[in-house]
Amino acid sequence: MRTTAERLTAAKERAQELERERQHRRTRGFLCAGTAACLAVIVSLALAMPGITEGFSDTTLGGGMAASIFSGRSLGYLVVGLLAFALGVCVTVLCVRLRGHEQDTADGERHDD
């Protein structure tokens, strides 16, 4: 038979475990939502870019001395690639920060015991 103090300790441990699980689910949800939002932005920009770059001509980009990658046709690919890289960096930073936050929270809970 458990004493009242043992039951109270077990209840507190269970409550902390449930809170950790809830935080973990919330963090995973934020990560999935952020990734989905970034993917949606990249796909929408990729679909919209051909229409935007049709207005550009070779003369507006500096004439014959410009590199072929900066021509009107490939400018959309260049912009989408740069934006995809920037969004990838943002998702990576978000993941690292969330992971660090989880570890800080777990360390704090261990020190409370």
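The side chains of Glu17 and Arg14 come together in a salt bridge, with an N to O distance of 3.2 Å; the term salt bridge stands for a side-chain nitrogen of Lys or Arg within 4 Å of a carboxyl oxygen of Asp or Glu. The model is a predicted one, in which local features need pLDDT of at least 70 and side-chain atom pairs count only at pLDDT 80 or more, while totals for chains, interfaces and linings use all residues. Residues are numbered from 1 along each chain as its sequence is written, and side-chain values use heavy atoms, with hydrogens and water left out.

Glu17 and Arg14 are 3 residues apart in helix H1, so about one helical turn separates them. Glu17 is partly exposed, at a relative accessible area of 32%, and Arg14 is partly exposed as well, at 42% (buried means under 20% relative accessible area, exposed over 50%, and partly exposed in between, with a 1.4 Å probe and protein chains only). In general, side chains of opposite charge can pair when their charged atoms come close.

A search of the whole structure gives 2 salt bridges. Glu19 and Arg22 also pair in this way, at 2.6 Å from N to O. These two residues, Glu19 and Arg22, again lie 3 residues apart in helix H1, and about one helical turn lies between them. Glu19 is partly exposed at 29% relative accessibility, and Arg22 is partly exposed at 36%.

Of the 113 residues in the chain, 12% are buried. The accessible surface comes to about 8800 Å², and carbon and sulfur atoms hold 64% of this area (Shrake-Rupley method with a 1.4 Å probe; for residues, only the protein chains shown count as cover).

Helix H1 spans residues 4-53 and includes Leu39. Leu39 is exposed, with a relative accessible area of 56%.

What of the cysteines? The structure holds 0 disulfides, a disulfide being a pair of cysteine sulfur atoms within 2.5 Å. For Cys32, the closest cysteine sulfur is that of Cys95, 9.4 Å away, which is too far for a bond. Cys32 is partly exposed, with a relative accessible area of 48%, and Cys90 is partly exposed, with a value of 48%.

Conventions. Helices (H or I, at least four residues) and strands (E, at least two) are DSSP runs, numbered from the N terminus.
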